[in-house]
Amino acid sequence: IGSFVNSESNEYESTIILQEEKELPTSESVDRFNGVSLGQESRIYYVSDIHLLHRLQNAHCVSNEDEIYVIEKIADSILSESCGMLLIGGDVASDYEIFKKFVKCLAQKNSTCKIVFILGNHELWPFPGKCVTEIAQIYRKTIKNTCKTIIHMLYCSHTENREETRP
């Protein structure tokens, strides 16, 4: 894999900005998302484009244990910064088995955060020939069977109300 110098620089600058702006005022009221109360601390945290395969490659993982170790560190980092509701935007992993390991890890480590997954285009790649609705069902089943604190899974596309078959 080649260098990601520009991306790394942008990620570093974004991290600094997000850390500086982390202390946002919270609402006194109880917010609702899809009928789920966020509780007293009405914060919503968002992370996207985790790209686990890149991270596993960059960590030079050679075994399942290596992968799990790196995935646990990533999950720990995300959960340590989150409470209330956590939205995990698309592009977690383009490998379904890696995605399942990540969900299992979150399930084992999370006890307080309500999690919503939003699938991205990378989550569609492992299932060529299946329509978006079928792929979303596969992910819903995985999430439902793995973790009770993961409350919802969405897929948003430009072609709402229409099933697309991917090549």
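**Figure 1. Packing of helix H3 against its neighbours.** The buried residues of H3 pack against E3, H2, E4 and H4, where buried means under 20% relative accessible area, exposed over 50% and partly exposed in between (1.4 Å probe, protein chains only). Helices (H or I, at least four residues) and strands (E, at least two) are DSSP runs numbered from the N terminus, and contact means heavy atoms within 4.5 Å. This is a predicted model, in which local features need pLDDT of at least 70 and side-chain atom pairs count only at pLDDT 80 or more, while totals for chains, interfaces and linings use all residues. Residues are numbered from 1 along each chain as its sequence is written, and side-chain values use heavy atoms, with hydrogens and water left out. H3 has 17 residues and spans 24 Å from its first C-alpha to its last, close to the 24 Å expected at 1.5 Å a residue, the expected span being 1.5 Å times one less than the number of residues. Val70, Ile71, Ile74, Ala75, Ile78 and Leu79 are the buried residues in H3. Seen down the axis of H3, these buried residues fall within an arc of 165°, so they line one face of the helix; the arc is that of the directions from the helix axis to the C-beta atoms. On the other side of H3, Glu65, Tyr69 and Ser80 are exposed.

**Figure 2. The largest nonpolar core and the surroundings of Phe102.** A nonpolar core is a set of buried Ala, Val, Leu, Ile, Met, Phe, Trp, Tyr and Cys residues joined through side-chain atoms within 4.5 Å. The largest such core has 30 residues, and those with the most contacts inside it are Leu52, Ile88, Val92, Phe99, Phe102 and Phe117. Two or more residues of this core come from each of H2, H3, E4, H4, strand E5 (114-119) and H6, and H4 gives the most, with seven residues. Leaving aside its neighbours within four places in sequence, Phe102 is in contact with Ile50, Leu52, Ile71, Ile74, Ala75, Ile78, Ile88, Val92 and Phe117.

**Figure 3. Aromatic pairs around Tyr139.** The structure holds five aromatic pairs, counted where the ring centres of Phe, Tyr and Trp (its six-membered ring) lie within 6.5 Å, with planes under 30 degrees apart taken as stacked, over 60 as edge-to-face and the rest as tilted. The rings of Phe99 and Tyr139 have centres 4.7 Å apart and planes at 85°, so this pair is edge-to-face. Phe99 lies in helix H4 (residues 96-109) and Tyr139 in helix H6 (residues 132-146), so the pair ties together parts that are 40 residues apart in sequence. The rings of Phe127 and Tyr139 have their centres 5.9 Å apart and their planes at 85°, so that pair is edge-to-face. Phe127 counts as buried at 12% relative accessibility, and Tyr139 counts as buried at 0%. Tyr96, Phe99, Phe117, Phe127 and Tyr139 form one aromatic cluster.

Figure 4. Most residues other than glycine have a negative phi. Asp49, in the loop between strand E3 (44-47) and helix H2 (52-58), has a positive phi near 55° and is partly exposed, with a relative accessible area of 38%. His60, in the loop between H2 and helix H3 (64-80), also has a positive phi, near 55°, and is exposed, with a relative accessible area of 64%. Asp91 is placed in the loop between strand E4 (85-88) and H4 and is buried, with a relative accessible area of 11%. Leaving aside neighbours within four places in sequence, Asp91 is in contact with Asp49, Ile50, His51, Gly120, Asn121, His122 and Glu123.
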